[in-house]
Amino acid sequence: MNHSNSPIEARPILSVRGVTVQFGGIKALNGVTFDMQRGQVLGLIGPNGAGKTTLFNCLSRLYQPSDGDILLEGESILARKPAGIAKMGIGRTFQNVALFPTLSVRDNIRIGGHCRSRGDLVSDALRLPWVLREERELDRKIDEIVDDLDLGGVADREVAGLPFGTQKRVELGRALAAKPKVLLLDEPAGGLNHEEVYVLGDLICRIRDAYNLTVLLVEHHMGLVMKIADHVVALNFGSKLAEGTPAAVRSDPAVIKAYLGSEAA
Ligand SMILES: Nc1ncnc2c1ncn2[C@@H]1O[C@H](COP(=O)(O)OP(=O)(O)O)[C@@H](O)[C@H]1O
Ligand SMILES: [Mg+2]
């Protein structure tokens with residue numbers, strides 16, 4: 001039996017269908033369409049102003065497209081409230097780290113897990129057995145994440161004093177605690193040095209495998225994308241310019257021209 005041909009396997013985990021976003025007179029996105037397959041690292045590239053962050057913000061329900069649809073496992077996410085997106089299985093990090101600076105690394109990660117808990121004020125106050133069980137499970141999960149992200153040495157330290165690269169790993173940990181199916185990363189390499197970018201690439205691949213993730217990696221710089229992406233979508237002026245393997249997209253004349261054009265500008 002050929003499992004790869006079964007309809008379940010063939011269905012993309014995420015479908016972006018003709019997504020259009022208009023800001024006044026500017027079409028930040030113009031009918032963008034692509035699919036993400038389960039387990040993929042999909043690199044979304046394009047010069048500054050191409051529409052990458054706008055698409056990212058549609059996927060995380062910060063922006064409402066004026067046209068088109070976004071389907072997660074066949075179900076539209078656009079009807080959901082932004083707060084419901086984590087429960088549906090979409091997790092994200094921020095381009096500029098957004099953590100609680102005076103809380104510990106562990107507590108910052110723990111906050112990510114709470115979108116998954118069933119607890120409410122009354123059940124929590126009564127310390128009902130299932131609340132305690134859930135808390136214990138969450139503790140175990142957080143220990144695992146702390147280990148996997150090499151945060152053991154700083155787990156009880158306040159986030160504020162930690163290096164930027166470490167804070168980025170804490171943010172990744174917080175996203176993982178919500179048990180996402182699809183993880184959205186907006187320019188995770190921004191502000192990191194060459195060595196840190198290399199380590200980050202390995203880490204993204206490792207957690208993709210360990211947590212059964214599908215990853216959307218938004219990057220302005222091509223290096224990291226070319227190293228770890230299975231599939232690349234290139235945007236320019238809000239439209240899809242090219243899509244395919246990293247090698248094919250990198251050598252696509254339209255993509256080269258767009259990047260050269262943006263550097264000359
Ligand atoms: N909130 C906004 N209001 C108005 N215009 C915006 C807004 N966000 C983005 N844009 C415009 O939309 C286009 C795409 O921007 P963006 O998605 O940030 O590109 P990228 O992330 O690829 O650099 C740009 O022309 C930008 O100026
Ligand atoms: Mg951007």
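## The sheet

R17 sits opposite D69 in β4. Strands β1 (residues 14–23) and β4 (residues 67–72) pair antiparallel over five bridges; pairing here needs at least two DSSP bridges between two strands. Strands (E, at least two residues) and helices (H or I, at least four) are DSSP runs, numbered from the N terminus.

The open sheet has four strands, in the order β2-β1-β4-β5, with antiparallel pairing. At its edges are β2 (26–36) and β5 (75–76), each pairing on one side only. Helix α2 (residues 52–59) packs on the sheet and touches β1, β2 and β4, where contact means heavy atoms within 4.5 Å. The direction of α2 makes about 115 degrees with that of β1; axes are lines fitted to C-alpha atoms, for helices over the stretch in contact, with angles from 0 to 180 degrees between N-to-C directions.

## The model

This is a predicted model: local features need pLDDT of at least 70, side-chain atom pairs count only at pLDDT 80 or more, and totals for chains, interfaces and linings use all residues. Residues are numbered from 1 along each chain as its sequence is written, chains are lettered from A and ligands numbered from 1 in the order written, and side-chain values use heavy atoms, leaving out hydrogens and water.

## Around L149

Leaving aside neighbours within four places in sequence, L149 is in contact with R169, L172, G173, L176, L203 and I207.
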